[in-house]
Amino acid sequence: MPSVEGLPARRAALQMLDAVLRRGHTLDSAAQSAKSLKLADHGLAVAIAGEVLRRLPDLDALIDSAMRQPLPDDSKARMVLRIALAQKVGLHTPEHALVATALPLVDGGPRRLVHGVLGTLLRRGLPAMDAPRLPDGVEQRWRKAWGGDVVTSARMQISKRPPLDLSFAGDAEALAFANATGGQPLAPRHVRLNDAGPVTELPGFGEGRWWVQDLAASLPARLIPESAREVLDLCAAPGGKTMQLAAGAHEVTSVDQSESRLKRLRENLERTGLEAKLVAADALDWKSEKEFDAILLDAPCSATGTFRRHPEVLYRARPGIIRDSSQLQRQLLERATALLKPSGSLVYAVCSLEPEEGETIIDDFLSTHPEFEIAPPRDGELPNFVTPDERGWSRILPGLLESEGGLDGFFVARLVRMAT
Ligand SMILES: C[S@@+](CC[C@H](N)C(=O)[O-])C[C@H]1O[C@@H](n2cnc3c(N)ncnc32)[C@H](O)[C@@H]1O
């Protein structure tokens, strides 16, 4: 059979989507297993899979509109149609190329059906899908928790690839970089770049002048008091927050249970020339000889706040997962209190848009730990676009800084143990 140009990338996209949607993998890990592809094909496969995941409910509705009998959810024909349509909508692939690369994917299967449905939909003309629906369960949860406007903002944000945020050790370096590149400094020690291209090709990557970190993810470390000498970063890898802390005048100990993620943290520290003591351990039973002046607990969570970069989180974060992760968060928070000095500060953060992993955790914690109280951000600690809640914590929702490209969803609260 003659080879069809671009087919390996589409075949790989099909495998990646199967790994993500049927086997619950992340897109990053699914992409890792396709590393033997040529670089350009690999990049295209990841882009196609990403575009499908950004618009899945709308793509499915479109496919269903051209069928008498809906295709099963996990059928190959449906997946191939999603891949073909997402290329047209999200990547503006020419129609002949997307049809030519779709049909061989269903060789020996319902080729005529796929051809027929694609032809019908392409003749009708595809909608823009620039504010695609999120999965039903997610929309219901977020509408109930945050209201319809937040769901509308999230729909707008999921269709676009977000800008690139860089963190710097010092503000002078950040401003010089922004001037040189036309980047936007939206907070101290931060620069935002639109259409940045590959990070390894940006100025200063090799010299470790900055690290990639969503601006929202940089907020928790900004709440660690400058005066805290010994700081524990619990659940630290791959280390964006460790590097922020190490760039300040703190002695940082970073604990994470994942060896492979700690390896990335070690590489990040080497690249940036920053220092921290790294410990591979389960935080729930790690014993420390000392207590800490401040602790940052960036707890494992459903990560639904990162849906702009990782749209698959919305399919992974089912209610059972959220329940399990909130249990672990309670245990980790409890463990952190045992490692904190009297009068110490404990910053709790999650990149989640689920109140069960943020507000509820802290509310419940305060009701059983009267020796702790919330210490709201002081003037200048957080960028002025963050308005803390009246309870004193900060909740970052889709919609904030929308015209600048948005932020990841986050929750952050600083607790202090009151002196007795
Ligand atoms: C949200 S990520 C941390 C991101 C990190 N703070 C940063 O800024 O790059 C959560 C981390 O918690 C780690 N983790 C999960 N359960 C843990 C446990 N019981 N003990 C230690 N680390 C754990 C995971 O390996 C993961 O690296």
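This is a predicted model: local features need pLDDT of at least 70, side-chain atom pairs count only at pLDDT 80 or more; totals for chains, interfaces and linings use all residues.

Trainee: What box do the C-alpha atoms fill?
Mentor: Roughly 75 × 45 × 40 Å, taken along the principal axes.

Trainee: And the secondary structure of the protein chain, how many helices and strands?
Mentor: There are 16 helices and eleven strands.

Trainee: What share of the residues is buried?
Mentor: Buried residues are 54% of the 420 in the protein chain. The accessible surface comes to about 19,300 Å², and carbon and sulfur atoms hold 50% of that.

Trainee: How much of the contact count comes from residues 24 or more positions apart?
Mentor: Of the contacts in the protein chain with a separation of 6 or more, 71% are between residues 24 or more positions apart.

Trainee: Switching to the ligand. How many residues surround it, and which are the closest?
Mentor: The shell has 17 residues, and the closest are Gly 239, Asp 256, Arg 261, Ala 283 and Asp 298. By class, the shell divides into eight nonpolar, four polar and five charged residues.

Trainee: Which polar side-chain atoms lie by a nitrogen atom of the ligand?
Mentor: Asp 298 has a polar side-chain atom 2.7 Å from a ligand nitrogen. Asp 282 places a polar side-chain atom 2.9 Å from a nitrogen atom of the ligand.

Trainee: What about an oxygen atom of the ligand, which residue is 2.8 Å from that?
Mentor: That is Gly 239, through a polar backbone atom. As for cover, the ligand taken alone exposes 600 Å², and the protein buries 88% of that.

Trainee: Where is the cis peptide bond?
Mentor: It runs from Ala 237 to Pro 238, with omega near 5 degrees. Pro 238 sits in the loop between strand S4 (230-234) and helix H12 (240-247).

Trainee: Which residues other than glycine have a positive phi?
Mentor: Asp 195 is one of them, with phi near 50 degrees. Ala 303 is another, with phi near 65 degrees.

Trainee: What does the side chain of Ser 218 make a polar contact with?
Mentor: With the side chain of Arg 222, at 3.1 Å. Not counting residues up to four places away in sequence, Ser 218 touches Ser 167, Gln 213 and Gln 244.

Trainee: Next, Ser 159. What does its side chain reach?
Mentor: The backbone oxygen of Met 156, at 3.1 Å. Ser 159 is in the loop between helix H9 (148-158) and strand S1 (164-168), and at 9% relative accessibility Ser 159 counts as buried. Beyond its neighbours within four places in sequence, Ser 159 is in contact with residues including Arg 54, Arg 55 and Asp 130.

Trainee: Which helix has Ser 325?
Mentor: Helix H15, residues 319-337. Ser 325 counts as buried at 12% relative accessibility. Leaving aside neighbours within four places in sequence, the contacts of Ser 325 are Pro 300, Cys 301, Ser 302 and Glu 357.

Trainee: Last one, Ala 84. What does that touch?
Mentor: Leu 98, Ala 102 and Leu 118, not counting residues up to four places away in sequence. Ala 84 is in helix H5, residues 76-91, and is buried with a relative accessible area of 1%. The C-alpha atoms of Ala 84 and Val 99 are separated by 7.0 Å, with the two residues 15 apart along the chain.

Definitions and conventions:
Residues are numbered from 1 along each chain as its sequence is written. Side-chain values use heavy atoms; hydrogens and water are left out. A residue is near a molecule or strand if one of its heavy atoms lies within 4 Å of it. A polar contact is a pair of N or O atoms within 3.5 Å; within protein, one must be able to donate a hydrogen and the other to accept it, and residues adjacent in sequence count only if both atoms are side-chain atoms. Accessible areas come from the Shrake-Rupley method with a 1.4 Å probe; for residues, only the protein chains shown count as cover. Ala, Val, Leu, Ile, Met, Phe, Trp, Tyr, Cys and Pro count as nonpolar, Asp, Glu, Lys and Arg as charged, and the others, Gly among them, as polar. Helices (H or I, at least four residues) and strands (E, at least two) are DSSP runs, numbered from the N terminus. Buried means under 20% relative accessible area, exposed over 50%, partly exposed in between (1.4 Å probe, protein chains only). Contact means heavy atoms within 4.5 Å.
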